[in-house]
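Subject: The two-chain model, handed over

Hi there,

Here is the structure I promised to pass on to you. Please open it alongside this email, and then read on for what I found in it.

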Amino acid sequence: MKPLDQSLLAGPKLRSAATPPEARGLERDEVRLLVSTGDRHEHAVFHELEHFLPAGTLLVVNTSATLPASLPASGRFGSFILNLSSRYGEQLWLCEPRLSAAHPGPLPLTAGETFEVAGMSARFVAPYPGLPRLWFVAFDGSVEIAMADEGEPIRYGYVEPPLPPLSAYQTIFAERPGSAEMPSAARPFSRRVLEELAWRNIAIASIELHTGVSSLETTDGGGEPVLYPEPFIVPAATAAAVNSARRDRRPVIAVGTTVVRALESAWDGHQVNAASGFTRLFVEPKRGVHTIDGLITGFHDPNATHLAMLHAIAGEGRAAEAYDEAMRNEYLWHEFGDSHLILPRIG
Amino acid sequence: MGRTALITGASRGLGAALARFLAGQDFDLVLTARGAGNLDAFARGIRNGGHRVVAVAGDVADDGHRRRLVAAAETLGGLDLLVNNASELGPSPLVSLSELPLPAFERLLAVNLLAPLGLVQAALPLLSARQGLIVNVSSDAAVGGYPGWGGYGASKAALDLLSTTLASELKERGVGVVAVDPGDMRTAMHQLAFPGEDISNRPLPEVTMPFWAWLLGQARNDVTGRRYRAQDATWEIAQ
């Protein structure tokens, strides 16, 4: 796999969604939907989703809810923000310290140094091996209380004021909080879309995968990118639903790349099993995908891991074509942006 | 109440990396290795970071030394984590089983198999009191059948069986037992297995720290009896 598809970077400038669609006078389900079936691309609106899903389709969604994971912090070199990524234990989290929403830093950190975060004391333990922007941080108090008191959703520089509240970062499927960033592929799903899907007997199963901070890795030097693991659960009922859809040759469509990672992590070479733990599985074309036939996703920065997964699902050429099509037609990027349905070719 | 860990083979490689990582999380440490010079220098470095460290040089195959280690943990108030990491490789370069001197194999079993069990036996009262975790460091040689790795691999395969059996036996006492295969790493032992070869493409032991962070955050019952590969893409708990 190429580290980054240069044609994507050199192409027309991508357009970020700087605000949620609600702030642009749209309902959540009124974002645009690019439907890619093989080499055919159709332009639609998200609430028309039902028309593009074959009868018998099984949708698999992520029920993880978003945390107010961005905390104010101050240390030796002044104030900064600490974005929580993944919980390892009551008092140990993997975190991304940043200068600000727009500026990642790097901050001049050393292992063992202490700092203040949301009124409690904390300590940088060690950088994540191979990803020095992420640090293990040990906290002296309750991270949950700190989030409740002072946490904000993690926002990046492209989000414009008025800053969206935490509720803007929850999907309709959100149940248990645990994600540093919204599993955003499901954001356009609305009550009415769910009703239409139910009407057409399109079943929905769920996994839980708590996302960490968004990946910015590249595969430097042609090796595999460094991925950090994320907590996931594939319930027995979901494993059974996916296996039975596959037996009946009904399409399984993942809502979000988190769903693909969770299901592929629970695949044993023959079927999907109930599973729970942490996963950093790298889904790429050589490994292939075994559990899903299609994907609903947003448009994201073309980082190595996201692209590799798209290539594994759609094929490298097809994925690049779809991105070109989206850019030519000014689709909006990022978590508040437009949506992309990648369907298997018929026949 | 602080947590305490006892790590064998702690002056370098995986043991040292883990000791540093746990100290950063405020564990008190009992560390041991055979060479007093290396161990004391390493322990001093950690102590300078403001952490409580007791370093006791010696051979884990020696029963008296094992008792001293457990006594040291007692002076720190108890024991939450025992990491049986110290291992010997056997002859370097590696020799096939048909040529492995039996005394060398006996030494392998004494260090890699009997010593971990001896430490478990000696430390069990302390571990029970804290519902602690025992980690026995294993290897893919335990399952691989790789030429030259037979003696070492057999000691680790037997250690794996001790781990699963102990997990069953100690469940009632609330003590967890897991086997961990850290995978290939750039360590002195790995260099001994490949004398003269360039092993710089192997990752440093720090690459396994996310796994250790994860393991220590899990409930004992969710992990006990399992065998983990620290460099795998997925670490699963019991359903």
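Before anything else, please keep in mind that this is a predicted model.

**How each chain is built**

I'll begin with chain A, in which there are seven helices and 19 strands. Its radius of gyration is 20 Å, close to the 20 Å that the globule rule gives for 347 residues, so chain A is as compact as a globular protein of that length. The C-alpha trace of chain A spans about 60 × 45 × 40 Å along its principal axes. Of the 347 residues in chain A, 48% are buried. If you take the contacts in chain A between residues at least 6 apart in sequence, 73% of them join residues at least 24 apart.

Chain B has nine helices and eight strands. Here the radius of gyration is 17 Å, close to the 18 Å from the globule rule for 239 residues, so chain B too is as compact as a globular protein of that length. A box of roughly 50 × 45 × 35 Å, taken along the principal axes, holds the C-alpha atoms of chain B. Buried residues account for 49% of the 239 residues in chain B. Among contacts in chain B between residues at least 6 apart in sequence, 68% join residues at least 24 apart.

**The sheet of chain B and its helices**

With 21 residues, helix 6 reaches 29 Å from its first C-alpha to its last, close to the 30 Å expected at 1.5 Å a residue. Its buried residues include Gly150(B), Tyr152(B), Lys156(B), Leu159(B), Leu166(B) and Leu170(B). What do the buried residues of helix 6 of chain B pack against? They pack against helix 4, strand 5, helix 5 (141–144) and strand 6 of chain B.

**An enclosed strand in chain A**

In chain A, have a look at strand 14 (residues 230–234). Five of its five residues are buried, so strand 14 of chain A is largely enclosed by the rest of the structure. Both of its faces are covered, with Glu230(A), Phe232(A) and Val234(A) buried on one side and Pro231(A) and Ile233(A) on the other.

Strand 14 of chain A pairs in the antiparallel sense with strand 13 (residues 203–209) of chain A over two bridges, and Leu209(A) stands opposite Phe232(A) there. Five bridges join strand 14 to strand 16 of chain A, also antiparallel, with Val234(A) opposite Ala275(A) in strand 16.

**Where the chains meet**

Strand 16 of chain A brings us to the other chain. In all, 24 residues of chain A are in contact with 19 residues of chain B. Strand 7 (78–89), strand 10 (120–128), strand 11 (131–139) and strand 16 (275–279) of chain A each give two or more residues to the side of chain A that touches chain B. The largest share of that side, five residues, comes from strand 16 of chain A. By class, the side of chain A that touches chain B has 16 nonpolar, six polar and two charged residues.

Strand 16 of chain A is also joined by three bridges to strand 8 (residues 234–236) of chain B, and these strands run antiparallel. Phe278(A) stands opposite Trp235(B) in strand 8 of chain B.

Terms used
Residues are numbered from 1 along each chain as its sequence is written. Chains are lettered from A and ligands numbered from 1 in the order in which they are written. This is a predicted model: local features need pLDDT of at least 70, side-chain atom pairs count only at pLDDT 80 or more; totals for chains, interfaces and linings use all residues. Helices (H or I, at least four residues) and strands (E, at least two) are DSSP runs, numbered from the N terminus. The radius of gyration is taken over C-alpha atoms; the globule rule is 2.2 Å times the number of residues to the power 0.38. A residue is buried if 20 or more other C-beta atoms lie within 10 Å of its own, exposed if 12 or fewer, and partly exposed in between; C-beta atoms are placed from the backbone. Two residues are in contact if their C-beta atoms, placed from the backbone, lie within 7 Å. Ala, Val, Leu, Ile, Met, Phe, Trp, Tyr, Cys and Pro count as nonpolar, Asp, Glu, Lys and Arg as charged, and the others, Gly among them, as polar. Two strands pair if DSSP finds at least two bridges between them. The expected span of a helix is 1.5 Å times one less than its number of residues.
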